[in-house]
Amino acid sequence: MPIKVAYKATIEHMQILDEQGVLDAKLARDTLTDDQVVMLYEHMSMCRRLDEIAFKLQRSGRLGTYPQNMGQEAIASVALAARKQDWMVPCYRENAALYLHGLPPEKILLHWMGDERGNQIPDDLNMLPMSIPIGTHMLHAAGIGWAAKLRGIDQVAFTFFGDGSTSEGDFHEACNFAGVMEAPVVFFCQNNNWAISTPRHKQTHAETFAQKGLAYGLKVRQVDGNDIFAIYKAAKEAVADALHGKPTLIETLTYRLGDHTTADDARRYRDDAELEAAKKRDPLIRTRKYLESKDLWSAELEDAMIETNKKKVDDIVARATNIEPPKTTDIFDAMFATTPPELARQRDTMQTHSLGMFPQQETLQAPQGAHA
Amino acid sequence: MANLTLVQAINLALTQEMEADDNVVILGEDVGLNGGVFRVTEGLQQRFGDNRVVDTPLAESGIMGTAIGLAMNGIKSIPEIQFEGFLGPAYDQLVNHAARYRSRTRGAVTIPMTVRVPIGGGIHAPELHSDSPEAVYAHTPGLKVVMPSSPYDAKGLLISAIRDPDPVLFFEPKRIYRAYREEVPEDEYTVPIGKAKIVEEGADITVVTWGAMTIQCINAMDSLPENLSVELIDLRTIYPLDVDTIVESVKKTGRCVVAHEAPLTAGLGAEISALVQERCFLHLEAPVQRVTGFDTFMPYYKMELDYLPESPRVAEAITACAAY
């Protein structure tokens, strides 16, 4: 009996805009317009500045632990492929896409300032707040996409996670459910090479993260994650496929230029040479080079943009900083639609010990004869 | 003797047990070159190699499940779960497997594993980095649950845990990882699992606590009237509970306050209150008081201190209980 090939697959890697800002015009056809590229460059630059300011706010004690997004701004492109009604189900290193999908940036700052109001997504947005535990939220995206299918709503769920997340069982379950339910879901694995101190090669023995999707019958792509054209094109095609019951896993090859968070120091475990090489692949640099090569950008425009972005970021920081303090009663009132009586008692007394909690006990004197 | 923080004392215990036994293996996220996110395992991979201090893929269920397998086959595994909030994905392996193996095989398969987990709030950490789920695991048959409050106890208890033939959940209160130093003997020694410590002897009222709350209770005592004599008990081990020490103390004082960070309802304060009521009924002069976190989530850090039962709340409860 001859041995037959049961399954065979290849993983494509797509790059449209290279490190030097040179565009593959054929692949770029019907992707981003000049105006969109300019807008994305300005937006990514604003995100970079906000990221740097957030870092400084943390160092000066005005912000808690903060995970920098620096280097991963090209993911913003996804927001241009998404329709208004589509869902964003993020972790915490795709802020650029969230803002462009409509999230007020001060929400992210508020979250890291230790304020739950940062998670209050405006009503007109289909978006979840950042997910803090690693790799658990992709299942929610699978459920959200599944619900859209069940209800006959024209929606796609985009979910974002890092390379480390693919080691969690929930990632595999999410891919499997999306595949089996033929749910309109697009999985973005932002492979930035590091999960805190664990490098990509210790995370998986597989050649790519994209191929993990093959096991669940997903369409898979690997793209240059610092290339706004490649991300846009892959996302756009994935939306069309998702709406035909074919979820996609897209691995974006990017790089975490900063530490994991402000509580981390990557110099302990990462080679400087690797970081320096990665800086040359920065999405901002190549996008600017491309715009300049097309005479769509200049030093004057850059200077003007820097001023505009300073103002924008100052305003964002002011909105996050100047919010009125939260109320301690919120801790209790946010728990249930209706606050149970014992919880209300804790709220109203701010204590858990019983003496002094009940009006009839106010005297703190035991009734006569109560002592043993 | 050296003057060590809790982090350093734990590091010393790990070092000495790894020196003493080649089959002691640490595994977890970032425990190797990075030395763990709290630097508890700092320098251990350099010293013992990456086969014994292992950076694993990012998967808590994977870490716990393989640590169980390692323990079944001759390795004294020490998995680290980075924060207590990430025990969630590992819960099934810990509760449904590690805890049950001895009983379900009637002793044929045992799990000599020590699970190290930073626990608790008070350090301005993000969501799911500040919780106190110890009662969940004390409620799980088959697990021993330990939480030291001092560098000396941390070293001795961790050595006991590593040498224990059964799974031990070793909670490390992160708020006091570096809060203070204490003389810690260089030689190996053990602090027995299941034995509480009387931190302060007293005659009027018993305060039972553990972990970082021990420090809040000590601080609370500073603001109490000098003539109020408080007996402070640090449980050190949450399961098996040192019932005798609690009962003897309350029989002497007639009053009891329990303080913990975790929420009130079905917290360990409830268990201890019930024990006191059962065993000290005729000695009680006041209702047992519980000073705990509220039945809410630990808020993000802007309101963290409103949630935590800080020393003023402890002092208020002690005063009310003493005055009753």
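Trainee: How many residues does the contact take from chain A and from chain B?
Mentor: The contact takes 39 residues from chain A and 44 residues from chain B. Two residues are in contact if their C-beta atoms, placed from the backbone, lie within 7 Å. Keep in mind this is a predicted model, where local features need pLDDT of at least 70, side-chain atom pairs count only at pLDDT 80 or more, and totals for chains, interfaces and linings use all residues. Residues are numbered from 1 along each chain as its sequence is written, with chains lettered from A and ligands numbered from 1 in the order in which they are written.

Trainee: OK, switching to chain B. What domains does the assignment give?
Mentor: Domain 1 (2-184) and domain 2 (197-323) of chain B; the bounds come from an automatic or database domain assignment. Their centres, taken over C-alpha atoms, are separated by 26 Å. Where the two touch, 27 residues come from domain 1 of chain B and 24 residues from domain 2 of chain B.

Trainee: And which residues of H10(B) are buried?
Mentor: B:Leu268, B:Gly269, B:Ile272 and B:Val276. Buried here needs 20 or more other C-beta atoms within 10 Å of a residue's own, exposed is 12 or fewer, and partly exposed is in between, with C-beta atoms placed from the backbone.

Trainee: Why are they on the same side of H10(B)?
Mentor: Because they cover an arc of only 105° around the axis, going by the directions from the helix axis to the C-beta atoms. In general, an α-helix has 3.6 residues a turn, so residues three or four places apart point the same way. On the other side of H10(B), B:Ala274 and B:Glu278 are exposed.

Trainee: What do the buried ones pack against?
Mentor: Several elements of chain B, including H6, helix H9 (243-253) and strand S13 (256-263).

Trainee: Zooming out, how many helices and strands does chain B have?
Mentor: Chain B comes to 12 helices and 14 strands. Buried residues make up 59% of its 324 residues. The C-alpha atoms of chain B fill a box of roughly 60 × 40 × 40 Å along the principal axes.

Notes: Helices (H or I, at least four residues) and strands (E, at least two) are DSSP runs, numbered from the N terminus.
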